[in-house]
Amino acid sequence: MISLNLTVPLAVDFNDAADYFIFITNLLIATSAVLMAGSVVLGIICTKSLRGQNRFIFMLNTSISDTLTGLGGYYIGLFDVQEGYPSKNGTYYIVPSLLGVNILTIMSAQVDRFLAVAYPYTYSRYITRTVAIQLCFFAWFYTYFMLTVQNIVTIDVAKKVSAYGTLSLQAIIIAKVLMNVKLYLIAKYQIAREPPGPERDSKKESLRLIIVVVVCFLALWCPYFYYMIVVQLARSTYMFANTARNPLSLMLRFSSTCTPGLYIWGSPALREAVLKTVWGRVCPPLRKR
């Protein structure tokens with residue numbers, strides 16, 4: 001009989017039904033994120049008309065991050081892993097930092113939609129596709145530059161950098177909420193005064209989508225964020241043995257399925273692209289829908 005010796009043990013021991021439930025749940029969350037976000041990535045890349053619009057550039061960026069989060073979930077969700085200080089079989093925060101990319105990208109998308117509707121002439125002149133791509137690149141650069149700093153300095157300094165990062169995220173959360181309120185008011189009053197037509201429908205669709213995405217993203221993400229704040233302030237140990245057993249972490253990683261799923265639900269153009277270019281090739285009858 002061949003014996004398989006794993007360097008990193010699995011997250012559960014399979015001693016009772018709860019262990020099987022935890023393992024299968026983490027497996028399904030990781031797989032659904034890869035399939036859903038990966039479909040959005042391929043749908044946008046393979047459709048020229050979508051690649052030319054700023055809002056889909058931001059969707060593409062978050063979906064790439066979500067796909068990688070799903071792939072990372074096969075490790076941090078199935079094996080005995082705990083990120084933090086101290087870390088246990090961690091990824092040096094490489095996988096959790098993908099969330100930072102999404103936070104910055106979605107914030108940029110909110111500002112993009114605000115400028116597109118409130119200042120259409122200025123927007124069309126200055127906020128080009130190149131600018132959108134540069135903002136997406138900045139989200140990756142800033143997130144992993146800060147992560148590199150945390151990984152090369154001492155643990156004490158890394159904790160301080162992490163604390164400053166936590167304060168910055170709190171400011172971003174407040175900004176997201178305020179921007180969402182502003183976008184809602186724009187959608188309710190300004191667009192309602194515009195004459196009916198494709199342009200009005202497009203603006204209404206894009207505003208509604210970004211509002212819903214931000215609300216769901218914050219609802220799934222904030223519990224884990226404040227849990228980490230409590231752990232850091234109290235200087236206590238983690239309540240859960242590993243990431244796989246942490247329900248707040250499950251909610252966090254489920255956002256990688258929820259966000260691209262909302263993109264598909266809220267954008268008929270993206271939904272059509274995904275059906276025709278991705279799932280239509282797997283199941284041909286879907287192309288006819």
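Predicted model: local features only at pLDDT ≥ 70, side-chain atom pairs only at ≥ 80, totals over all residues.
On a 1 Å grid over the protein atoms alone, a cavity is a set of points where a 1.4 Å probe fits but cannot get out. Grid points are joined across faces, edges and corners, and a volume is the space filled by probe spheres set on the points.

Residues are numbered from 1 along each chain as its sequence is written, and side-chain values use heavy atoms, with hydrogens and water left out.

By the cavity rule we get 1 cavity of 30 Å³ or more. The largest cavity has a volume of about 120 Å³. Its lining, meaning residues with an atom within 4 Å of a point, has 13 residues, and Arg55, Met59, Ala109, Ile210 and Tyr263 lie nearest the centre. That lining splits into 8 nonpolar, 3 polar and 2 charged residues; here Ala, Val, Leu, Ile, Met, Phe, Trp, Tyr, Cys and Pro count as nonpolar, Asp, Glu, Lys and Arg as charged, and the others, Gly among them, as polar. Helix 3 (54-76), helix 4 (98-118) and helix 8 (198-234) each supply at least two lining residues, a helix being a DSSP run of H or I with at least four residues, numbered from the N terminus.

Now to the core. A nonpolar core is a set of buried Ala, Val, Leu, Ile, Met, Phe, Trp, Tyr and Cys residues joined through side-chain atoms within 4.5 Å, and buried means under 20% relative accessible area with a 1.4 Å probe, protein chains only. The largest one has 48 residues, and those with the most contacts inside it include Met59, Ile210, Trp221 and Tyr263. Helix 8 gives the most to this core, with 17 residues.

On to the rings. Rings of Phe, Tyr and Trp (its six-membered ring) pair if their centres lie within 6.5 Å; planes under 30 degrees apart are stacked, over 60 edge-to-face, and the rest tilted. There are 13 aromatic pairs in the structure. Phe14 and Tyr20 make a tilted one, 5.0 Å centre to centre with 55° between the planes. What about Trp140 and Tyr144? Their centres are 6.1 Å apart and their planes at 15°, so that pair is stacked. Both lie in helix 6 (residues 129-152), 4 residues apart, about one turn of the helix. Phe217, Trp221, Phe225 and Tyr226 form one aromatic cluster.

Technical notes: 1 Å grid on protein atoms, 1.4 Å probe; cavity = no way out; pocket = protein on both sides within 12 Å on 5 of 7 lines; lining within 4 Å. Buried < 20%, exposed > 50% of the residue type's maximum accessible area, 1.4 Å probe, protein only.
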